[in-house]
Amino acid sequence: MSDVATTVTTVGHWINGAEVAPADARTSPVYDPALGVETKRVVLAEQTDADEAVAAAHTAYLQWRDVSLARRTTILFKFRELLNERKGELAEIITSEHGKVLDDALGEISRAQEVVEYACGITTHLRGHFSEQVSTGFDIHSMQQPIGVAAIISPFNFPAMVPGWFFPIAIAAGNAVVVKPSEKDPTAANWFAALWQEAGLPDGVFNVLHGDKVAVDALLTHPDVASISFVGSTPIAKYVYETGTAHGKRVQALGGAKNHMLVLPDADLDLVADSAINAGFGSAGERCMAISVVVAVEPVADGLIEKVVERMGKLRVGDGRRGCDMGPLVTKQHRDKVAGYIDVAIEDGADVVVDGRGIEVDGEADGFWLGPTLIDRVPVTSRVYTEEIFGPVLAVVRVASYEEGVELINNGAFGNGTAIFTNDGGAARRFQNEIEVGMVGINVPIPVPIASYSFGGWKDSMFGDTKAHGAEGVKFFTRQKAITTRWLDPSHGGINLGFPQTD
Ligand code: NAD
């Protein structure tokens with residue numbers, strides 16, 4: 001066991017402006033993955049806790065929706081300033097519960113901050129339309145109104161960025177939110193709640209409900225929840241989409257991924273090797289936009305693998321607070337599951353070029369470590385290829401042509417992100433047209449769109465048709481009302497039971 005002294009604290013829900021931890025609540029452990037010790041316990045909601053959180057949000061929404069855009073924006077700007085000043089605190093929380101290195105935690109916070117900045121322009125984003133004289137003496141205009149209580153259910157791998165894709169826009173548009181974070185790293189959501197309070201957001205507009213399936217099911221079926229924004233694994237995303245829509249809610253449910261990088265023979269192999277390392281092993285591969293398969297169009301594979309292996313040897317794995325390149329995995333159970341894929345690769349006849357098990361680390365021995373792993377000649381029938389591994393395991397598949405590579409990618413179940421590496425503009429243009437994936441990088445390994453564009457994949461990587469943030473985010477958190485008006489010179493046509501016609 002580690003000799004690092006820790007005190008186990010309890011993380012409670014945040015409802016109506018205060019943290020609450022029912023004395024008899026079920027709880028779940030929260031680990032510091034680099035130490036391998038339990039540091040906190042998070043409460044797990046029952047139906048009654050969910051009812052309380054939704055009731056607080058609904059009451060707050062009825063007031064908040066009528067607060068002027070000018071006042072809402074003032075609070076958003078204040079929140080942005082506080083977030084920018086204090087992001088170091090939040091990064092430390094993320095690293096202590098998720099394990100990713102501090103710089104990487106700051107990176108995810110900056111992407112959440114971008115969405116806050118986008119939401120600061122809500123006055124522009126909510127502009128409606130006006131058409132004069134659409135029929136004689138008739139005008140029509142439209143407006144965007146909030147939808148009510150928005151539930152946000154997030155995964156462990158981005159405890160700040162993923163909720164931050166949704167809540168700034170939802171709140172700016174006049175809704176109240178209930179965030180259900182991952183039980184593995186719950187504290188970031190409470191930190192956001194306290195920051196909103198300091199920024200002047202009225203109590204009840206931002207609530208946090210911690211929990212497991214019980215909490216999720218309560219939100220999916222609650223009559224006062226208007227929408228569900230879910231991000232997590234594909235089976236749960238599908239379940240959330242089906243259950244939420246069956247209960248009359250609008251649902252955006254983003255699922256898992258298996259992202260391929262297609263390398264053409266004319267690519268800059270140093271750029272490709274750097275990109276494969278960064279996108280394959282950053283955050284220990286626990287990113288939905290991680291590259292997990294390098295598709296090498298021959299004859300590049302041998303030369304590329306040599307460059308990747310050379311770079312892997314220089315990576316420092318260890319405690320994210322010690323300036324390392326890569327941290328631990330989130331839990332022991334997840335580390336063991338990911339490490340198990342290396343045995344699967346060997347059984348399936350692949351070549352394990354670098355085995356990350358037993359790596360030397362700059363951290364406590366009990367941390368949930370697995371070093372960067374590279375597996376060549378992975379058969380596409382192997383579970384190493386077909387399943388989302390979500391760890392620092394990079395697979396190489398060799399193909400004979402561009403066409404074979406595209407066919408491979410398009411035949412996959414997921415469609416979150418992909419990238420092509422080439423110096424041939426025509427090939428890149430063809431790729432962006434032919435590839436069946438929602439987010440595409442051209443010489444960019446992690447093509448996460450900026451806040452004003454929307455984030456979301458295709459196929460089993462997303463259920464629902466409205467993506468996160470950008471214009472689609474504004475659309476998701478509002479409903480349009482169209483108003484037809486007649487004021488001047490109303491011609492009284494008398495009684496006419498016919499359907500209204502324009503003239
Ligand atoms: P997960 O699906 O296990 O959990 C996500 C959320 O669902 C959590 O809040 C969890 O408490 C809840 N949940 C878990 N099991 C549930 C159940 N049976 N019923 C109802 N709710 C349940 O995902 P995770 O392990 O936390 O996160 C990793 C996954 O998220 C990966 O598959 C990754 O690709 C995906 N992800 C996708 C995106 C994207 O944008 N597409 C972004 C980040 C992560």
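Visitor: How many aromatic pairs does the structure hold?

Guide: The predicted model holds 13 aromatic pairs.

Visitor: Take Phe-79 and Trp-196. Why is the pair stacked?

Guide: Planes under 30 degrees apart count as stacked. The planes of Phe-79 and Trp-196 stand at 10°, with ring centres 3.7 Å apart, so this pair is stacked.

Visitor: Which parts of the chain does the pair link?

Guide: Distant ones: Phe-79 belongs to helix H2 (residues 69-98) and Trp-196 to helix H6 (residues 187-199), and the two are 117 residues apart.

Visitor: Is Phe-79 buried or exposed? And Trp-196, buried or exposed?

Guide: Buried means under 20% relative accessible area. Phe-79 has 0%, so Phe-79 is buried. Trp-196 has 1% and therefore counts as buried.

Visitor: What about Phe-167 and Phe-192, what kind of aromatic pair do they form?

Guide: Phe-167 and Phe-192 form an edge-to-face pair, with 70° between the planes and 5.0 Å from centre to centre. Phe-167 lies in helix H5 (residues 161-172) and Phe-192 in helix H6, so this pair ties together parts that are 25 residues apart in sequence. Both Phe-167 and Phe-192 are buried.

Visitor: Which residues form the aromatic cluster?

Guide: One aromatic cluster is formed by Phe-79, Phe-167, Trp-191, Phe-192, Trp-196 and Phe-206.

Visitor: Changing topic to the open sheet of three strands: what is the order?

Guide: The order is S6-S7-S23, and the pairing is antiparallel. Strand S6 (130-135) and strand S23 (478-486) are the edge strands, each pairing on one side only.

Visitor: How are neighbouring strands turned against each other?

Guide: On average by 30°, with direction ignored.

Visitor: Over how many bridges do S7 and S23 pair?

Guide: Strand S7 (residues 138-146) pairs with S23 over nine bridges, in the antiparallel sense.

Visitor: And which residue in S23 is the bridge partner of Ile-140?

Guide: Thr-484 is the partner of Ile-140 in S23.

Visitor: Last topic, the cysteines. How many disulfides does the structure hold?

Guide: The structure holds zero disulfides.

Visitor: Cys-288, buried or exposed? Cys-324, buried or exposed?

Guide: The cut-off for buried is again under 20%. Cys-288 has a relative accessible area of 14%, so Cys-288 is buried. Cys-324 is also buried, because its relative accessible area is 6%.

Definitions and conventions
Residues are numbered from 1 along each chain as its sequence is written. This is a predicted model: local features need pLDDT of at least 70, side-chain atom pairs count only at pLDDT 80 or more; totals for chains, interfaces and linings use all residues. Side-chain values use heavy atoms; hydrogens and water are left out. Rings of Phe, Tyr and Trp (its six-membered ring) pair if their centres lie within 6.5 Å; planes under 30 degrees apart count as stacked, over 60 as edge-to-face and the rest as tilted. Helices (H or I, at least four residues) and strands (E, at least two) are DSSP runs, numbered from the N terminus. Buried means under 20% relative accessible area, exposed over 50%, partly exposed in between (1.4 Å probe, protein chains only). Two strands pair if DSSP finds at least two bridges between them. Axes are lines fitted to C-alpha atoms, for helices over the stretch in contact, and angles run from 0 to 180 degrees between N-to-C directions. A disulfide is a pair of cysteine sulfur atoms within 2.5 Å.
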